Amino acid sequence: METVLVVDDMVANTRLLTSLLEAEGHIVRTALDGSEALRLVRREPPDLILLDAVMPGQDGFELCRVLKQDPLTRLIPLVMVTVLTDSASRLRGIDAGADDFLSKPFNVPELLARVRSLLRLKRYTDELDSAEAIIVSLALTIEARDPTTNGHCQRLADYASALGRSLDLDEDDIDALTRGGFLHDVGKVGIPDSVLLKPGRLTPEEYALVQQHTIIGDRLCGELHSLRKVRPIVRHHHERLDGSGYPDRLRGDAIPLLAQIMRIVDIFDVVRTERPYKAARSFDDAAGELRREVALGRCNSELVAMFLEQVGPGVTQVPGEDLRASRGQARPSVGRSVGHTTRDGSVR
Amino acid sequence: MSHDKERHDFKNQLGIIRGFAELLVKESAPDDPHRADLEEIYTAANAALELLERLYPAQADTSQ
């Protein structure tokens, strides 16, 4: 059963909507002002919000803006309910992010049809969300196949999003960097353990197989609209500026910025942490590796300089220390995880 | 401004009367003795809303 939140300063209106919607089998919560509505939404997010535009104090437009700016609430469909029929008010509502409008007094069949349609939309959104959650679990499962690099994905998500913020990227890009940290290697699900976990050098055929993880990952994320900004990271995080990377041998600016960022932070983290074939190395070693990549024309020098300045020798984690714990972040545990080995070409 | 506010509130009240009347009509059985009375309330509220629109047309809304 789906929950509808009705926000209106007139009790009689909330009662009327409650009766109409409960008769249709919906669960209805009501709030008489903006702050009560915010409290209810944050405590128990509804599936749909019907919001009166004109209320004393914080009006519906303001509340709509707040809800639509918050990533936690912006996917909840929101209908502005108003006796205002002029286009200026509609524009205000659209600007504030309203998904639909209803005129008061209600045309009851129209009200119920809109509510049904928006709840259907919300179900699709929820299904997409859970599909993404499955893909993220998949990525973490792959990490868990090698128990040596606890938290690689989480660290990449942290490093990459921090660099994105320094570059003043917009929130959608920063969000993509965070998700990209978790998902960049999801395609390794399609690579056999015998190759992925093989001790020693890979044959050229095996190396070619490992390179496929970028294409497999891209395809896995392909159906999900919510991952459209993450896909370029998944596909292109092994491309090099000089065109010697994979899978598409892209050159220079043709490589998406977000993918370039991911490659830099990935190289850094691999050098800094212990792997089956090597000990953890110092910040200076990691910085040296990145500068070598720049000298070879494979990485963007400004991005590298900015990243190294940002992480700095004193800020980066001591190998073995859990970065999440040291920052006190409330992230879900990623469990035992694995990251790259040299065999996928991160650091060669 | 206060004229608009009054018009807005008045329309709201009429909407509530009409809405509840519509709800009660919907929920009453065809042979309910009150059904015709409820339909009268609905019709009257509807007529009042139309009258309001005619006397004070919607452009009054634009200043809101």
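Colleague: Leaving aside its neighbours within four places in sequence, which residues is A:I264 in contact with?
Modeller: Once the neighbours within four places in sequence are set aside, A:I264 is in contact with A:L290, A:C299, A:L303, A:V304 and A:F307, where contact requires that the C-beta atoms of two residues, placed from the backbone, lie within 7 Å. Please keep in mind that this is a predicted model, in which local features need pLDDT of at least 70 and side-chain atom pairs count only at pLDDT 80 or more, while totals for chains, interfaces and linings use all residues. Residues are numbered from 1 along each chain as its sequence is written, and chains are lettered from A, with ligands numbered from 1, in the order in which they are written.

Colleague: And which residues have the most contacts inside the largest nonpolar core?
Modeller: Those are A:A160, A:I261, A:I264 and A:V265, in a core of 40 residues. A nonpolar core here is a set of buried Ala, Val, Leu, Ile, Met, Phe, Trp, Tyr and Cys residues joined through C-beta atoms within 7 Å, and a residue is buried if 20 or more other C-beta atoms lie within 10 Å of its own, exposed if 12 or fewer, and partly exposed in between.

Colleague: Where does the largest share of this core come from?
Modeller: From α12(A), which supplies ten residues; helices (H or I, at least four residues) and strands (E, at least two) are DSSP runs, numbered from the N terminus. Apart from this core lies another, of 35 residues, which includes A:V6 and A:I49.

Colleague: Switching to the sheet, what is the order of its strands?
Modeller: This open sheet of five strands runs β2-β1-β3-β4-β5 in chain A, with parallel pairing, and two strands pair if DSSP finds at least two bridges between them. The edge strands, each pairing on one side only, are β2 (27-31) and β5 (100-103) of chain A.

Colleague: How many bridges join β1 to β3 of chain A?
Modeller: Four, between residues 3-7 and residues 48-52, and the two strands run parallel; the bridge partner of A:V6 in β3(A) is A:L50.

Colleague: Now chain B: how many helices and strands are there?
Modeller: Chain B has two helices and zero strands, and 12% of its 64 residues count as buried.

Colleague: How many residues of chain B are in contact with chain A?
Modeller: There are 16, in contact with 17 residues of chain A, and helix α1 (residues 2-27) of chain B gives the most to that side, with eleven residues.
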